[in-house]
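Subject: Handover of a structure

Dear colleague,

Please find the structure below, together with its sequence. I would be grateful if you could read the notes after it with the model open.

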Amino acid sequence: MSAPQFADHVDLRLRVNGVVRALDRIDARVSLLDLLREHLELTGAKKGCNHGECGACTVLLDGHRVNGCMVLAAAADGREVVTVEGLASDGQLHAVQRAFIEHDAFQCGFCTPGQVISAVACISEGHATEEREIREWMSGNICRCSSYPQIVEAVKAAAAAENNPPPR
Amino acid sequence: MSALLASSLPRQDGPAKVTGAARYAADHFAEDMLYGVVVGAPAPAGRLRGVDAAAALEVPGVTHVLTHEQMPKLGAPPVPPASSVRVPLQDDEIRYEGEPIAIVLAETLEAAEYAASLVEADVESGPFTPHPHGDRADAEVPRESGYLSGATDAEHGDVAQALAAAPVHHEATYVQPSRHHNPMEPSATLAEWRDGTLTMVDATQWAYGVRAVMCAVFGIAPERVRVRSPHTGGAFGCKGLVWPHQIIAAAAAQVAGRPVRIALTRAQMYSIVPYQPQMVQTVTLAASDDGRLVAIEHESINLTSVSDDFVEYATMASQTTYAASAIRVRQRVQRANVNLGTAMRAPLEGCGLWALGSAVNELAAQLQIDPVELRLANYADVHPFTGQPWSSKKLRECYEQGAQAFGWRRRPSEPERDGRWLVGQGMADCAMGTIRFASTAQVRLHADGRAVIRSGTQDIGTGIATILTQLVCGVLGFEPGVVSCEIGDTELPEAGPTFGSSSTMGVGAAVMAAAQDALAKLRERSAQELSDAPGAGALTAAMRSAGIDELIGVGSFTPQDSPYAMNTFGAIFLEIGFDPELGIVRLRRAVGRYSVGRIVNPRTATSQMLGGIVWGWGKATMEASRQDERLGRWLSKNLAGVALPVNADIPSNIDVAFIDEVDEYASPIGGKGLGELGATGVDAAVADAVFHATGRRIRELPITPDKLV
């Protein structure tokens, strides 16, 4: 193992929403959230608290949900990040996104990018089999408009759709 | 009217909000933009002797550290829309902890944040008045500082005589703590000057209010200020008026000659922007033996700052809810060295019903009368204080349908057990005044079959764009897909603020009138007999035949004095579980029935009521912002130290519905407001359910385990 190197600035290469992004001389203090928002102008992930308390900045890092504000950008070097902007493909909304609209699972929409990403992970983790479990595993994402019952419905519906995809 | 009125059209901004395409204030950039970080006062009172900015200015990327000495002298803005007579960064006085004393500007966020931590404030601390304790100490008559929207003292009938003559009395004091709005979006502003014109992208509930303040502080004409607010990420009242950071961003951008973006930290959301101040309410009820109220006396004392007397008219509840022949109300304030409070979901009755609803439930227990029966015995068929008839009121139906859906009549006299939980049930009234603001709007018809709604209103999550789309579709017979909505910009026709549950009435009526105007103009200019809701095909054919490419309909809504009193009403029934060993209270289920006039969109309306009930639950059992009285500062300025409802706190079994009703007087829409109504009454219902389960009356919110074990 090589000795750790300390530097004020770091060069980063990471895959964001399927695209490799190379960023040179990024301030070592930059969080993954600020890298996405201020350097890549991917402003979907939101800064609600910057302390890992609200979940508005939730993104997928190598497929796992993380609070983007609690991860240094430098720690994401060489890894894969998916944000809410990267969920839809070929102009088709992700099943979770469709379910959020269908079940009216948001109001102001500020926490929604984090809720949607968290819901995608909640389902893939296998934590969406019953309502009680969904409520528990979606509790890292605060919704002050308080669309909680609708969020549970949306996650339940999206999980069911993933397990039983409609016939093509 | 097409079937789209009263349809559950999905939110029109849904795709933008689930994909991250919806941009909020802090998601905006400007060329050559600087990041601004506000530095707050470290003490609650005193004088700023000086600021040592040397270390901060040495941080690479830092361009400015601005204090009151470098800031331009600014004019005095009107309150409201400004929140305070005190304009930020104008003098060396400190009146609350966290009050802005400087702003650091830098090329990067990291540099600005780090440099802000290096700014050394030399403060001569002075004596300060700490946050009050929940008693009446030093309560004073409020002064006029822009917040006196009604009399502080009012009486109807002879309360002293009624109190003396009545056989039954109940008097108690009810306390609700200071608590913050905590919207998920921290307040943010991007300000840019170009050729003497200020452009702001702002998180606000009132873009035109921001413009008015900027005109006053910079002494410039309205056409030199443009405020955009494409989406506001929750507000609940804390983005209603103009707070220091908005003025600071614009002034700093002027000094720097570059665009400045400020996004408050979550901690600054506690100390720079407002909260709902602590209220201490005393309610005295006098009744006959059969429970008919003869007198209500209600005093409410709310915390305010040393600079401005904000008055939260909680006693409004006692003027509007029960048919007592004598009513006396009194509003007082307690001043302290704290940042200023403001209205919060739900103000007025939302605050007052905690005390009044609890008092009536206690009276019901004292008289051994069912709380619903006691309310029916005191049903206000006219406005109790003014005697005016109601524009519409279907509260009896709320009681009846709510009680039935809940199974209220089967409420056991003793709490039942479910495993380790004791099950308690309670109910209370919901109520909210009807607040209406003037608004204007345009509807532009295009010959290609599109319609564009234009209004300077704001999206704070209520679903206004969806409702406006439905209203236009109803008038024109269009499909929603061809209607788009431009809002959140002072370049658009002026609309009122998005608070007070007012937008559907004011903006909705203006947009509906604009669509009708467009249709009328087209009939006149094309000389064709177009039916009501003619549809896109007939409209475009008429436009083409008359050679019209674009046609602009204009509409407005101006609230008129009315002989009718206007309110919204409801009844909330809920069931809690109480764990006697741990003192934990959990919500098990709730039923709400509401009388709010016509519902334009049941889907978005239901979401608002559900959210309101969760807000009420948070107020009843979780939320409080505490001050350290020795340091004069908020104790926890974060979302970890202040409890808020999360998903695991809320059951799915919440049943809300609306009574079929049209209010012909409140607005041409037939509906009234409902954003705040759902949050009212929940606290009193929870307290009564806790009493049912435990036999204990808790009169200080929140009802936390420490008060029950």
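This is a predicted model: local features need pLDDT of at least 70, side-chain atom pairs count only at pLDDT 80 or more; totals for chains, interfaces and linings use all residues.

Chain A

Chain A is divided into domain 1, residues 9-86, and domain 2, residues 95-163. Taken over C-alpha atoms, the centres of domain 1 and domain 2 of chain A are separated by 22 Å. Their contact involves 14 residues of domain 1 of chain A and eleven residues of domain 2 of chain A. On the side of domain 1 of chain A that touches domain 2 of chain A, the elements giving two or more residues are strand 3 and strand 4 of chain A. Strand 3 of chain A provides the largest share of that side, three residues.

Chain A also holds an open sheet of five strands, in the order 2-1-5-3-4 and with mixed pairing. Strand 2 (19-27) and strand 4 (64-67) of chain A are at the edges with a single partner strand each, so one side of each has no neighbour in the sheet. On average, and with direction ignored, neighbouring strands of this sheet are turned by 40 degrees against each other. Strand 3 (residues 58-61) and strand 4 of chain A pair in the antiparallel sense over four bridges. Within strand 4 of chain A, His64(A) is the bridge partner of Leu61(A). Helix 3 (residues 112-124) of chain A lies across strand 3 and strand 4 of chain A, and runs at about 40 degrees to strand 3 of chain A.

Contact between the chains

Between the two chains, 49 residues of chain A are in contact with 51 residues of chain B. On the side of chain B that touches chain A, the elements giving two or more residues are helix 1 (14-19), helix 3 (109-118) and helix 15 (602-621) of chain B. Helix 15 of chain B supplies the largest share of that side, seven residues.

The nonpolar core

The largest nonpolar core has 282 residues; among the members that touch the most others are Val155(A), Val511(B) and Val686(B). Helix 13 (residues 503-526) of chain B gives the most to this core, twelve residues. Domain 1 and domain 2 of chain A both give residues to this core, so it lies between them. Residues touched by Val686(B) include Gly426(B), Leu574(B), Trp617(B) and Ile703(B).

Two local sites in chain B

In helix 14 (residues 536-545) of chain B, the buried residues are Ala536(B), Leu539(B), Ala542(B) and Met543(B). Seen down the axis of helix 14 of chain B, these residues fall within an arc of 135 degrees, so they line one face of the helix. They pack against strand 20 (439-446), helix 12 (464-476), helix 13 and strand 23 (550-557) of chain B. The face of helix 14 of chain B turned away from the buried side carries the exposed residues Gly537(B) and Ser545(B). Helix 14 of chain B is followed by Gly547(B), whose phi is positive, near 70 degrees.

Gln12(B) is in the segment before helix 1 of chain B. Gln12(B) is buried, with 21 other C-beta atoms within 10 Å. Its contacts include Ala465(B), Thr466(B) and Cys485(B). The C-alpha atoms of Gln12(B) and Pro480(B) are separated by 8.5 Å, although the two are 468 residues apart along the chain.

With kind regards

Methods: Residues are numbered from 1 along each chain as its sequence is written. Chains are lettered from A and ligands numbered from 1 in the order in which they are written. A nonpolar core is a set of buried Ala, Val, Leu, Ile, Met, Phe, Trp, Tyr and Cys residues joined through C-beta atoms within 7 Å. A residue is buried if 20 or more other C-beta atoms lie within 10 Å of its own, exposed if 12 or fewer, and partly exposed in between; C-beta atoms are placed from the backbone. Domain bounds come from an automatic or database domain assignment. Two residues are in contact if their C-beta atoms, placed from the backbone, lie within 7 Å. Two strands pair if DSSP finds at least two bridges between them. Axes are lines fitted to C-alpha atoms, for helices over the stretch in contact, and angles run from 0 to 180 degrees between N-to-C directions. The arc is that of the directions from the helix axis to the C-beta atoms. Lists of a residue's contacts leave out its neighbours within four places in sequence.
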